[in-house]
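Please read them with the structure open.

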Amino acid sequence: MRSFSLAVPVVAALFLHAAAYSQPVLITAAKTVGPTDTTITPTGGGAAVPLATAQITVQGSAVLTMNGRHSIESLSLEGTSALTHDANFSHDYSGSGTDIVFGLDLTVAGNMTVLASARVDANGRGYPIAQGPGAGTSGNPTLTTGAGGGHGGRGANSTSGNPGGAAYGSITEPVMFGSGGGTHSGGGSGGAGGGRVRLNVGGTMNLAGTVRANGNNTGSSNGGSGAGGSIWINAGSLMGAGAIEANGGTTTTNGGGGRIALYA
């Protein structure tokens with residue numbers, strides 16, 4: 001009996017400690033978290049909440065933009081809401097080029113839920129048109145049409161023979177953007193590459209919606225489409241009937257596929 005009575009206050013104290021430091025944050029309108037931000041403020045106002053203890057719920061059609069590397073307590077994307085990063089975003093945390101983070105790199109200590117109509121969306125948010133390590137060749141006076149951008153695979157050659165962009169990046173730890181497709185010599189645009197999403201979920205990732213980093217289709221009939229980007233997910237467990245996509249654009253001249261790595 002003595003042992004039991006001594007244990008009860010310890011359990012209660014631990015419970016109260018957890019409740020005091022995990023704080024719900026409701027987002028119902030567009031919100032951007034910068035690469036060095038450490039807090040987030042609910043849409044309705046009030047005190048800023050440390051990201052590390054924030055239990056974030058995004059509702060309605062709100063878009064939460066998180067650029068760079070961040071850690072939060074939990075995340076729920078509901079309605080038609082989205083989590084994304086700014087197009088072609090990167091940040092050098094070291095200041096010396098040794099710790100560059102592309103796109104979104106998010107650690108969720110607990111659980112993450114993406115409901116059926118919600119999404120983590122990095123479509124077309126990688127390298128811009130005709131840019132990147134695997135940029136599709138742009139048209140010139142002789143070879144007029146643009147080629148597809150490359151990443152996980154080569155981009156397609158253009159209809160006039162311009163070579164598609166080269167493949168690059170890691171199979172096991174994908175961290176790069178997809179490259180943009182080439183442009184037409186007469187000014188027709190290509191498509192941007194897919195962005196980069198890394199999710200490190202300590203608990204369960206319940207995916208009923210979509211995680212995507214597709215390349216954009218070309219903006220003209222003679223430009224090259226963008227390559228798919230990168231998706232890298234580590235989760236304690238992964239469940240749900242949702243979709244994970246890193247496809248190349250498919251209009252006119254296809255972009256190469258992206259890279260997806262899943263660990264659960």
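1. Asn-200 stands opposite Asn-234 in S17. The two strands concerned, S15 and S17 (residues 230-239), are paired in the parallel sense through nine bridges. Pairing here requires that DSSP finds at least two bridges between two strands. Strands are DSSP runs of E with at least two residues, helices are runs of H or I with at least four residues, and both are numbered from the N terminus.

2. The basis of these notes is a predicted model, in which local features need pLDDT of at least 70, side-chain atom pairs count only at pLDDT 80 or more, and totals for chains, interfaces and linings use all residues. Residues are numbered from 1 along each chain as its sequence is written, and side-chain values use heavy atoms, with hydrogens and water left out.

3. A separate point is the open sheet of six strands, ordered S2-S6-S9-S14-S16-S18 with parallel pairing. Its edges are strand S2 (31-33) and strand S18 (243-245); each has a single partner strand, so one side of each lacks a neighbour in the sheet. From one strand to the next the twist averages 15 degrees, taken between N-to-C directions of lines fitted to C-alpha atoms, on a scale from 0 to 180 degrees. Within this sheet, strand S9 (residues 82-84) and strand S14 (residues 119-121) pair over two bridges, with Leu-83 partnered by Val-120.

4. For the chain as a whole, the secondary structure comes to one helix and 19 strands. The C-alpha trace spans about 90 × 40 × 35 Å along its principal axes. Of contacts (heavy atoms within 4.5 Å) with a separation of 6 or more, 66% are between residues 24 or more positions apart.

5. The chain has 264 residues, of which 43% count as buried. Buried means under 20% relative accessible area, exposed means over 50%, and partly exposed lies in between, with a 1.4 Å probe and protein chains only. The accessible surface is about 11,300 Å², and carbon and sulfur atoms hold 55% of that surface.

6. Which residue in the loop between strand S16 (210-212) and S17 deserves a look? Ala-227 lies there, and it is buried, with a relative accessible area of 0%. Leaving aside residues up to four places away in sequence, Ala-227 touches a list of residues including Gly-149, Gly-150, His-151, Gly-193, Asn-247 and Gly-256.

7. Most residues other than glycine have a negative phi. Asn-88, not a glycine, has a positive phi of about 55 degrees; this residue is in the loop between S9 and strand S10 (90-92) and is partly exposed at 32% relative accessibility. Thr-252 likewise has a positive phi, about 65 degrees, in the loop between S18 and strand S19 (259-263), and is partly exposed at 44%.

Note on methods
Areas by Shrake-Rupley, 256 points an atom, 1.4 Å probe, with all protein chains shown as cover.
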